[in-house]
Amino acid sequence: MNAAGSGPDRAEHEKAEREEAEREELARLLPAPAERDVPSEPYLHHKDRLMQHINDDQNPAPARKARPRLLRPALVMPAAALALVGALAVTFTGGGGSGDSAAQPRETATVLLDRIAGTAAKSDVQPVRQDQFVYVKSVGAGAEMKENGASELEPRSEREVWTSQRVKRINKTGEIHDDEGYSPMYELGGSPAGIDRPTYQWLASLPTDPDVLLKELYRMTEAEDGQEKAQAVFEQIGRLLGDVMPPENAAALYKAVAKIPGVTRQEDAVDAAGRHGFAIVRVDKRTWVANEWIFDRDSLAYLGEREYRTKDFAAGKKGDVLSEYALLEHGIVDHYRERPQGDGTTK
């Protein structure tokens, strides 16, 4: 009788102990309240999209649902990128205020992208160890959305980001330095290397056949509400190309994006640092927002990115800039808060 009666009590006691242990473990993993919970940068795009997306000329559609990892509004580093469709030899003139030239380009977007891929394949990239960090310094701004759907670009600011290259699941994924000082970057519950936290080793594991790679990217990429799937993949490739990776993987990504429909070339564009270059552009035909990646005319190096409206709406206007970004410096360092020097060492 006593043995039978003690069984449920013991089970309840053991259950309570397990729940308490789980609460203590969760509390240990969470960041301290005084620290800012900010998302990891190189693989994130613009925080909330900072705009009200629309489906027709008259009525704004509800804002896109932010990806789970995008927790708060903040200017986030997009990535290097490109894009393009086969045989399009058009000049993009759909707004954006960055060189609406009517002149025909000297080469198609496909040809330009192929040249960029060739340059990437010849780049001298040193493998990155898991105990190292990718350092990025950038300048940019995001637009603040008004309640009526209008947007206003905030002042530009600089930021530095250090991202961990650990492949295993980790909670602290990096650090940010901006006007508010140094802040840790956390992923609640931890984050392993993957599409949302692309480390050097994870990027090196991607297929190098462009067709296979593009199919895999479509599988891994989730479109936001109201967004074209092709646009989501285009932007995802852009985020990946902002990271350090083996040359063959970078070249494969450029060639894969050449298979995405709806991409064009623009003859002149300007990044957030005022530098001019060629641009590869894609417009989402559901939201009528353009994403534009800018490359140096001579070296074909990635310079920066802009996002802007391409149609007038009730509150927003064609040419309204929703975000702008310029890559100023990047490299590999051995510790948080170190900065690369010209000779490849850190300081």
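Start by selecting W288, which sits in the loop between β7 (276–284) and β8 (289–295). Helices (H or I, at least four residues) and strands (E, at least two) are DSSP runs, numbered from the N terminus. The phi angle of W288 is near 55°, a positive value in a residue other than glycine.

A word on the model before moving on. You are looking at a predicted model, where local features need pLDDT of at least 70 and side-chain atom pairs count only at pLDDT 80 or more, while totals for chains, interfaces and linings use all residues. Residues are numbered from 1 along each chain as its sequence is written, and side-chain values use heavy atoms, with hydrogens and water left out.

Next, go to R337, in the segment after β10. Its phi is near 75°, again a positive value in a residue other than glycine. R337 is partly exposed, with a relative accessible area of 42%; here buried means under 20% relative accessible area, exposed over 50%, and partly exposed in between (1.4 Å probe, protein chains only).

Now step back to β10 itself. Select residues 321–333 together with β1 (residues 133–145): these strands pair in the antiparallel sense over 10 bridges. Two strands pair if DSSP finds at least two bridges between them. To find your place along this pairing, highlight S138, which stands opposite L327 in β10.

For another strand, select β4 (residues 170–178) and pick out N171. N171 counts as buried, at 17% relative accessibility. Which C-alpha atom is separated by 5.4 Å from that of N171? It belongs to Y186, 15 residues apart from N171 along the chain. Display the side chain of N171 too: one of its polar atoms lies 3.4 Å from the backbone nitrogen of G190.

The next stop is helix α4, residues 210–220. Begin at the N-terminal end, which D209 caps: a side-chain oxygen lies 3.0 Å from the backbone nitrogen of D211. A polar contact is a pair of N or O atoms within 3.5 Å; within protein, one must be able to donate a hydrogen and the other to accept it, and residues adjacent in sequence count only if both atoms are side-chain atoms.

Which residues of α4 are buried? They are P210, L213, L214 and L217. Seen down the axis of α4, these buried residues fall within an arc of 100°, so they line one face of the helix. The arc is that of the directions from the helix axis to the C-beta atoms. On the other side of α4, K215 and R219 are exposed.

In the meeting with α5, L214, L217 and Y218 of α4 touch K229, A230, V233, I237 and L240, where contact means heavy atoms within 4.5 Å. The axes of α4 and α5 come within 10 Å and cross at roughly 105°.

Finally, zoom out to the whole protein. Its secondary structure comes to 6 helices and 10 strands, and buried residues make up 50% of the 347 residues.

Technical notes: Axes fitted to C-alpha atoms, helices over the stretch in contact; angles between N-to-C directions.
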